Amino acid sequence: MRFKFTDFHIHTRPWSVDVAEDGPTFIDYIKIVEEHQINICFLDHYELYYVENDKTNPFYNGRVDDYLEEIDRFKESYDFILSGLEIEYYEDKEIELSEFMDDYEKEFDFIGGSIHEWIIGYPITTREGLKKLLEKIPMKKIIDNYFEVSKKMIDSQIFKNICHIDTIFRYINNNEFIPTDDCNVSENRVLDLGRLCMKNRIKVELNLSGLRFPIKRTFPSMKVMQQLKKEGVEFFVGSDSHSLDYFKEQIPKVINTYKLLQQI
Ligand SMILES: [Zn+2]
Ligand SMILES: [Zn+2]
């Protein structure tokens, strides 16, 4: 890698379905990255459920090989990009996920595991998805379920890197869907997930995306990060960019975050 620091969390078109139709492609990022002195890792969503069942999914029908080939071609000319995937964890698909990792982990530079929806069709990382889920399940149970599934993902050891460990609070916080009194939103739960990652030798993302949501903080918070770092947890930094304007804004923040991590 040419530069000192790496933004490990970049989404592109057409590979991530939540990037706009006129959103950035690999080369769009590459063009601006070179002058900003940072490496980037493409980390597009790989959600096995949709890869298998949805013909419109960009990775449907083995297209992960095309994705990899395309990035590998760019890597021949640019020494500051990495190939990666943000893979969705499903409790009931651990075998398939492990098989996928056996086949592909070595092909990629970096793979992160994450959780956006554990009930298909109800992602907690979109406002509408969470709203729909709240009509079905009490908030306390949603939060508890999130932490239970996260624990399972970490203990499964399928992934060596975990993205945005407390993203359940993207919309459940005092600025959005206010936690009901019975909810346990204590920092200790997030700290325990981080400690579990350390026990399983898993690196934790410091995800900057929360800064653009009303919660206005990273995932996990800087306070939790500092505590975990002191205890020995290893971090990588990701902007979770889905657009070029946002990405450009994040570059100095990513670099500063790495510098801060080095000081702890
Ligand atoms: Zn994510
Ligand atoms: Zn992401």
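**Figure 1. Strand E3, helix H4 and strand E4 form a right-handed β-α-β unit in this predicted model.** Helix H4 spans residues 94–104. The strands E3 and E4 run parallel and are joined by 5 bridges. One pairing to locate in this view is that of Ile87, whose bridge partner in E4 is Gly113.

**Figure 2. Strand E4 lies enclosed within the predicted model.** Burial extends to both faces of E4. Phe110, Gly112 and Ser114 are buried on one side, and Ile111 and Gly113 are buried on the other. Gly113 is also the residue of E4 that pairs with Ile87.

**Figure 3. Strand E2 is paired with both E1 and E3.** E2 (residues 39–46) is mostly covered, with 7 of its 8 residues buried. Strand E1 (residues 6–10) runs parallel to E2 and is joined to it by 3 bridges; Thr6 stands opposite Asn39 of E2. Strand E3 (residues 81–88) also runs parallel to E2, and 7 bridges join these two strands. Here the bridge partner of Phe42 is Ser83 in E3.

**Figure 4. Helix H1 belongs to a right-handed β-α-β unit with E1 and E2.** H1 covers residues 26–36. The two strands of this unit, E1 and E2, run parallel.

**Figure 5. Helices H6 and H7 pack with roughly parallel axes.** The axes of H6 (residues 139–156) and H7 come within 10 Å and cross at roughly 10 degrees. Angles under 35 degrees count as roughly parallel, and H6 and H7 are therefore described in this way. On H6, the contact is made by Phe147, Ser150, Lys151 and Ile154. On H7, it is made by Arg189, Leu193, Leu196 and Cys197.

Figure 6. The buried residues of H8 (residues 222–231) are Val224, Met225 and Leu228. The elements covering the buried residues include helix H7 (187–199), strand E6 (203–207) and strand E7 (235–238). H7 is also the helix whose axis comes within 10 Å of that of H6. After H8 comes Gly232, which has a positive phi, near 110 degrees.

Methods. Residues are numbered from 1 along each chain as its sequence is written. Chains are lettered from A and ligands numbered from 1 in the order in which they are written. This is a predicted model: local features need pLDDT of at least 70, side-chain atom pairs count only at pLDDT 80 or more; totals for chains, interfaces and linings use all residues. A residue is buried if 20 or more other C-beta atoms lie within 10 Å of its own, exposed if 12 or fewer, and partly exposed in between; C-beta atoms are placed from the backbone. Helices (H or I, at least four residues) and strands (E, at least two) are DSSP runs, numbered from the N terminus. Two residues are in contact if their C-beta atoms, placed from the backbone, lie within 7 Å. Two strands pair if DSSP finds at least two bridges between them. A crossover is right-handed if, with the strands pointing away from the viewer, the path from the first strand over the helix to the second runs clockwise. Axes are lines fitted to C-alpha atoms, for helices over the stretch in contact, and angles run from 0 to 180 degrees between N-to-C directions. Angles under 35 degrees count as roughly parallel, over 145 as roughly antiparallel, 65 to 115 as roughly perpendicular and the rest as oblique.
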